[in-house]
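I'd like to walk you through one structure, so let me put it up on the screen.

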Amino acid sequence: MSLTSAYQLKLAEKLTILNDRGQGVLIRMYNIKKTCSDSKSKPPFLLEKSMESCLKYINKKFPNIDVRNSTQHLGPVHREKAEIIRFLTNYYQSFVDVMEFRDHVYELLNTIDACQCHFDINLNFDFTRSYLDLIVTYTSVILLLSRIEDRRILIGMYNCAHEMLHGHSDPSFARLGQMVLEYDHPLKKLTEEFGPHTKAVSGALLSLHFLFVRRNQGAEQWRSAQLLSLISSPPAMINPANSDTMACEYLSVEVMERWIIIGFLLCHGCLNSNSQCQKLWKLCLEGSLYITLIREDVLQVHKVTEDLFSSLKGYSKRVADIKESKEHAITNSGQFHCQRRQFLRTAVKELETVLNDEPGLLGPKALFAFMALSFIRDEVTWLVRHTENVTKTKTPEDYADSSIAELLFLLEEIRALVRRHIKVIQQYHLQYLARFDVLVLSDIIQNLSVCPEEESVIMSSFVSILSSLNLKQVDNEEKFDFSGLRLDWFRLQAYTSVSKAPLHLHENPDLAKVMNLIIFHSQMLDSVEKMLVETSDLSTFCFHLRTFEKMFATTLEEPTMLRYTIAFPLICAHFVHCVHEMCPEEYPHLKNHGLHHCNSFLEDLAKQTSNCVL
């Protein structure tokens, strides 16, 4: 593949668009599944007695339903065809969206394979993350589709009504029906389809190994390393908290677990041939019993993996690994995470106290704030999904935490600190970009052995943008926008990761390191709120309300925790972050949901206060 055609492919843009579209499609599948699983919200046709025989016939004959010669079976559908079309159009179109999304995903994955792209989370972070996100999103869409029990009836009934009304089937029906049949056993079909992509997927996952091992350290190791401590080394207190891989430092462990579990589930061939893949996979299996697909829909990691591998020849050793890892997770993971939460309560409290006392430190140590938020969020979400799904256990204390309110409160305090001192953060990082980053970047560009014209234009624009910055922009409260710079860096990652590119990013790691730093500094100027959502969004509570309310009730019964109860109504403000632009109809519902629970928590707090006063 020539470099010119690689530029024309627009890999970065396509990955961005498909990931965004995939999230919208996933939410739609989730909403259809939820609607159809509740008799109160189910489409009325599925509950009518007169329709029973029709539904059984459609389900049995799907997708080869002979509408013209089946009037005795489909009479009720004929009578209500216009109403059925009106009611089921959105459902049907959502299934068509899944099919079209699948087409675009496979086209892009085949293109990436043809380009022989190199993935490394430490170098081309955005490119690798987007690639792995797309695989996980696509798999989640297909798994959700297969969990909609009425999918055949919804699609078949719509098409029957369409043919009765227009005299012909819907143009998409033949392919859509075939796709639904293919994914009756979704993982079997998905593993067949992803076989050719094993090299690219396993390469991307292996680049996570060092990071995932480091981020899975226990509380004792964190304590020994004095993680998140600003006062452990007073002389270094004002030194900038930098890393060669800035975005990796606050990357969610839950996200990495999803990549690894689903990635190796689809491309399992490498588990028998590559010991490094095996080690990473086993480590991940020991951490969680459940991973989230979307909202409260989860994947039961060990059961699903064991069921698939048991049906394959030559996987008896891997099945034994799964059983061993499951036993380890059941025995140890609860206490492992409990100890990490205890450590974070102490460490983040110290961090918040120091930053509150010396907000100027938020400039050089902003990274610490986002790391603290990410670590808390990971521990809270782990607890929530396991509390909700682990119903039978000999150690229920592993999935309960009477002190969780303090952790939630500290998360909200750090968020408030960052928002309150946004100018401090902006001034520090603008100076860093204008005085240091631009010089280092210019030097690296000049010393590149090869720099083709397209790459040269992009990198020159980076230097030009950074050189134009000055402190007055912060004082004058100018709006910063570095989205163009970040998109160009994403494009450059894609261009320099193609095998036949003249300039390879993996041969020029210094360029990746300085650009990773520049991207973080730029986000500190124009995307702090977005970063707060990325690292500390707890909108998952919107879909685990029973657990959320139980945590609140437990906190009210714990005298030492009462001071932290305000965190619960504050977290209700996170609920609106679930909204996706493809599903705007959800916004009023989620907003009202958040408002209702916020008011409910405040009402209970007011009653508690009144009782204390009286």
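Predicted model: local features only at pLDDT ≥ 70, side-chain atom pairs only at ≥ 80, totals over all residues.

**What α29 packs against**

As for the helix itself, α29 covers residues 586-613, which is 28 residues. From first C-alpha to last it reaches 41 Å, close to the 40 Å expected at 1.5 Å a residue.

Searching the whole structure turns up 27 aromatic pairs. Take phenylalanine 541 and phenylalanine 548: their ring centres are 4.3 Å apart and the planes sit at 25 degrees, so that pair is stacked, the cut-off being under 30 degrees. Phenylalanine 541 is buried, at a relative accessible area of 0%, and phenylalanine 548 is buried with 0% too.

Phenylalanine 548 also pairs with phenylalanine 601, this time edge-to-face, with 5.2 Å centre to centre and 90 degrees between the planes. Phenylalanine 548 is in helix α27 and phenylalanine 601 in helix α29, so this pair ties together parts that are 53 residues apart in sequence. Phenylalanine 601 has 3% relative accessibility, so it counts as buried, because the limit is under 20%. Zoom out a bit, and ring pairs link Phe541, Phe548, Phe552, Phe568, Phe575 and Phe601 into a cluster.

Okay, over to another helix pair. At what angle do α16 and α18 pack? About 35 degrees, with the axes 8 Å apart; α16 is residues 275-285 and α18 is 316-357. On the α16 side the contact is made by Gln278, Trp281, Lys282 and Leu285. On the α18 side you've got Arg318, Asp321, Ile322, Glu324, Ser325 and Ala329. By class, that contact has four nonpolar, two polar and four charged residues.

Last stop, the strands. β1 (residues 290-294) and β2 (residues 297-300) run antiparallel and are joined by four bridges. Isoleucine 291, for instance, has leucine 299 of β2 as its bridge partner. The two strands form a hairpin with two residues between them, and in the turn arginine 295 has a positive phi of about 55 degrees.

Terms used:
Residues numbered from 1 in each chain as written. Heavy atoms only, no water. Expected span 1.5 Å × (residues − 1). Pairing = 2+ DSSP bridges. Axes fitted to C-alpha atoms, helices over the stretch in contact; angles between N-to-C directions. Contact = heavy atoms within 4.5 Å. Nonpolar A, V, L, I, M, F, W, Y, C, P; charged D, E, K, R; others polar. Phe/Tyr/Trp six-rings, centres within 6.5 Å; stacked < 30°, edge-to-face > 60°. Buried < 20%, exposed > 50% of the residue type's maximum accessible area, 1.4 Å probe, protein only.
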